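Colleague: I would like to learn how to read a sheet in a model like this one. Please take me through the strands and their neighbours.

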Amino acid sequence: MKGRRLLITGAAGFTGRHAVAYFAAEGAEVTAVVRRCAAEASVFPAGVQQYICDLGDRKAVAGMIGEVMPDQVLHLAGKNSVPESWQDPLLYMETNVMATLYLLEALRFQPASRILVAGSRLKYRPDSAAGPPHPYSLSKTLEELVSLAWGTLFKQPVLMAEPSNLIGPGPSTGFCSLLAQHIVRSEAAAGRGEAPPAAFRISSRHVQRDFLDVRDAVRAYGYILDHGESGKIYRIDSGTQRELGEIAGKLLAHAAAPVEMDWGPQHAEEGQAAASPASAVPAKPSSASAASPASAVPVQPSSASADREVLQEEPEDNAAVLGWKPGIGLDRSLADIIGYTRAGKEGRI
């Protein structure tokens with residue numbers, strides 16, 4: 001990795017910040033792509049070059065690739081909110097599909113450049129009779145299809161990574177970070193002698209997920225970029241499924257004040273769709289009213305269809321085949337999340 005020109009999109013995001021820090025420490029010449037304005041100097045290590053580029057602007061993307069001429073590209077940029085994808089589905093097609101195509105097209109004129117595209121476990125099988133459960137799933141499925149097809153059509157070194165639920169210190173909106181924020185708010189309220197915030201709701205404590213530290217995932221991206229085979233999808237996970245109730249219990253053990261929780265159903269119902277980790281948020285009053293057929297407001301999907309986890313066949317390769325294996329235990333990840341959250345928004349990753 002030392003001396004290689006590495007361009008990282010989505011550099012200011014949760015995974016992006018860790019990726020920039022890791023690869024810069026490994027000696028890569030890192031260019032951190034940010035969308036609108038330069039990030040604060042404290043976000044990235046010294047020596048990292050920032051490049052402001054809207055990946056939805058085809059000409060700007062082509063100009064960036066021509067100027068940086070990267071040896072490798074780690075494409076982390078994209079939208080990843082299921083609820084938001086219902087509100088603005090075209091934005092998700094533009095951001096997750098077209099922006100990726102603009103990158104691939106720009107790299108077509110630099111055939112030696114390798115690109116790793118970060119996919120999602122919430123993709124769906126195109127041959128599934130049920131169809132996509134939400135626009136986000138559709139966008140990530142299309143992103144994977146066009147990435148691999150582009151690589152095949154134009155003989156480009158295109159690789160795909162499919163990480164599990166990434167956790168760790170940093171500006172994440174995942175389940176663990178949301179609960180950590182709730183714990184810290186509860187501690188602050190107790191310190192001021194105020195009532196605790198509204199209960200944090202978990203759809204079901206028995207829902208199982210694989211949680212992987214984001215720092216381990218970033219190392220896996222390095223293995224894939226250096227040693228992966230073009231046209232393949234590499235699964236990245238810890239190898240252990242854990243119930244949300246167990247994860248929540250471990251986080252709550254760090255709490256220094258009472259924390260209000262709404263645990264949802266006590267027993268998993270057979271055949272019931274599971275909520276995605278990001279859907280577990282502080283409980284809010286629900287409305288039972290339905291939209292009028294004459295209403296100009298788009299019809300809102302049911303919460304079940306929005307939150308359903310997508311099941312598909314496992315990719316044939318795991319990053320472990322390249323020599324990678326996770327090294328950060330769950331307890332350390334959770335402790336680091338609590339520590340970062342208590343430090344406030346300025347906490348260093």
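Modeller: Start with one pair. Keep in mind that this is a predicted model. Strand 2 and strand 3 (residues 49-52) run parallel, joined by four bridges. Within that pair, Val34 faces Ile52 of strand 3.

Colleague: What holds the strands of a sheet together?

Modeller: Backbone hydrogen bonds pair them, in either a parallel or an antiparallel sense. Now look to the other neighbour of the pair we began with. Strand 1 (residues 5-9) pairs with strand 2 in the parallel sense, over four bridges. Ile8 sits opposite Ala32 of strand 2.

Colleague: Which unit do strand 1, helix 1 and strand 2 make?

Modeller: Together, strand 1, helix 1 (residues 14-25) and strand 2 build a right-handed β-α-β unit.

Colleague: Is strand 2 mostly covered or mostly open?

Modeller: Mostly covered. Of the six residues in strand 2 (residues 29-34), five are buried, that is, under 20% relative accessible area.

Colleague: In what order do the eight strands of the open sheet come?

Modeller: Read 3-2-1-4-5-6-10-13, with parallel pairing. Strand 3 and strand 13 (317-318) are the edges, each pairing on one side only.

Colleague: How many bridges link strand 4 and strand 5?

Modeller: Four, again in the parallel sense, between strand 4 (residues 72-75) and strand 5 (residues 114-118). Gln72 has Arg114 in strand 5 as its bridge partner.

Colleague: Which strands does helix 7 lie across?

Modeller: Helix 7 (residues 214-227) lies across strands 1, 4, 5, 6 (158-163) and 10 (233-236). Helix 7 runs at about 145° to strand 5.

Methods: Residues are numbered from 1 along each chain as its sequence is written. This is a predicted model: local features need pLDDT of at least 70, side-chain atom pairs count only at pLDDT 80 or more; totals for chains, interfaces and linings use all residues. Side-chain values use heavy atoms; hydrogens and water are left out. Buried means under 20% relative accessible area, exposed over 50%, partly exposed in between (1.4 Å probe, protein chains only). Helices (H or I, at least four residues) and strands (E, at least two) are DSSP runs, numbered from the N terminus. Two strands pair if DSSP finds at least two bridges between them. A crossover is right-handed if, with the strands pointing away from the viewer, the path from the first strand over the helix to the second runs clockwise. Contact means heavy atoms within 4.5 Å. Axes are lines fitted to C-alpha atoms, for helices over the stretch in contact, and angles run from 0 to 180 degrees between N-to-C directions.
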